[in-house]
Amino acid sequence: MFENIKIWWHQGKQYIPDVTNAKLPGIFRGRPVITRSGVDEAALVELCPTGAITGNPVCIDLGKCTFCGECAFRFPEKISFTSDYKLSANVRERLVVKEGDDKGIVVEPSKVRKGVRSLFGQSLKLRQVSAGGDNSCELELNACNNVQFDMSRFGIDFVASPRHADGVVITGPITANMAGPLEICYNAVPDPKIVILVGTDAISGGIFADSPALDRDFLTKYPVDLYVPGNPAHPLTFINGVLDMLKKQ
């Protein structure tokens, strides 16, 4: 017993007691802040490889941003990144951070689809589909259920079969080869069901947005319930976004 106590004393807590107020180190790039400082806007817009930055006024679309940080390196007086990991939204336009914005990004309660909270508020099972992903978002989603983040404590789990799921979580830009399997998986999930997009690639296509190898028609046919930005998305971003959608905080 004393050996076990010694190990516990040495290692400390292995889990995050409060995932809604955890602190991340400053090296993490979360919600950006854009000041009203005057800079060469054309150079700033041209700098972004995915077209996430637009001018007049300067805005950053987190659905397109790869969080490379190059804009903050080149124009530190204009753009900086906070460690705020609460980036998820259920309205696509809310992912656009404008010049002078200092408020956090939230899930709009009035826009949550009817029945989502009443049906899935106590238990939510999700089937993850990598639609051409590079395993980065998939890796972070796996971490959501490890001992540190322990997403299962909120009744949220990933399951192996779409027949056991309440919705699909999509990562990757949705390649033409994966468009069919994704739709088969979606159709196998019993109604009612939800759709969550995780990562820049899934939300906008990311750096692959103009590739002819993509087929993103799925997103024009079915409603999206939650957008989780990041490249890759952090486990705390995903967990807090889903909790906000289910109103479990």
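**Largest pocket**

I began with the lining of the largest pocket, whose residues divide into three nonpolar, one polar and six charged, where Ala, Val, Leu, Ile, Met, Phe, Trp, Tyr, Cys and Pro count as nonpolar, Asp, Glu, Lys and Arg as charged, and the others, Gly among them, as polar. I listed the lining as E93, R94, V96, V97, K98, D101, D102, K103, G104 and I105, and noted about 170 Å³ of space in this pocket. A pocket here is an open set of points on a 1 Å grid over the protein atoms alone, with protein on both sides within 12 Å along at least five of seven lines, whereas a cavity is a set of points where a 1.4 Å probe fits but cannot get out; lining residues have an atom within 4 Å of a point. Grid points are joined across faces, edges and corners, and a volume is the space filled by probe spheres set on the points.

I keep in mind that this is a predicted model, in which local features need pLDDT of at least 70 and side-chain atom pairs count only at pLDDT 80 or more, while totals for chains, interfaces and linings use all residues. Residues are numbered from 1 along each chain as its sequence is written, and side-chain values use heavy atoms, with hydrogens and water left out.

The largest cavity holds about 100 Å³ of space, and of the 15 residues that line it, C48, I53, C65, C68 and C71 are the closest to its centre. By class, that lining has eleven nonpolar, three polar and one charged residues.

The second largest cavity has a volume of about 70 Å³, and its lining divides into two nonpolar, seven polar and three charged residues. Among the residues that line this second cavity are D134, S136, C137, E138, T171, D201 and N231. I checked which helices take part, and α5 and α7 each supply at least two residues of the lining, with α5 giving the largest share, three residues. Helices (H or I, at least four residues) and strands (E, at least two) are DSSP runs, numbered from the N terminus.

**Cores**

Which residues touch the most other members of the largest nonpolar core? I found I53, L62, I79, I170, V195 and L197, out of 39 residues in that core. The elements that each supply at least two residues of this core are α3 (70–74), β4 (79–81), β8 (167–171), α6 (176–188), β9 (194–198) and α7 (200–204), and α6 gives the most, with four residues. A nonpolar core is a set of buried Ala, Val, Leu, Ile, Met, Phe, Trp, Tyr and Cys residues joined through side-chain atoms within 4.5 Å; buried means under 20% relative accessible area, exposed over 50%, and partly exposed in between (1.4 Å probe, protein chains only).

I also noted a second, separate core of 34 residues, which includes A22, Y85, C144 and V228. Going back to V195, I found that this residue touches V168, I170, Y186, F218, P223, V224, D225 and L226, not counting residues up to four places away in sequence, a contact being heavy atoms within 4.5 Å.

**Helices α5 and α6**

For α5 (residues 136–143), I found C137, E138, L141 and A143 buried, under a cover that includes β6 (124–130), β7 (156–158), β8, β9 and α9 (235–246). For α6, the buried residues are A179, L182, C185, Y186 and A188, and their cover includes β6, β8, β9 and α8 (218–221).

**Strands**

Five of the five residues of β9 are buried, with I194, I196 and V198 on one side and V195 and L197 on the other. β8 and β9 pair in the parallel sense over four bridges, and I170 has L197 as its bridge partner in β9; two strands pair if DSSP finds at least two bridges between them.

Elsewhere, three strands form an open antiparallel sheet in the order β2-β3-β5, with β2 (53–54) and β5 (96–98) as the edge strands. Three bridges join β3 (residues 59–61) to β5, and I60 stands opposite V97 in β5.

**H164**

Is H164 buried or exposed? I found H164 in the loop between β7 and β8, where it is exposed, with a relative accessible area of 57%. H164 touches K125 and V159, not counting residues up to four places away in sequence, and the C-alpha atoms of H164 and V228 are separated by 23 Å.
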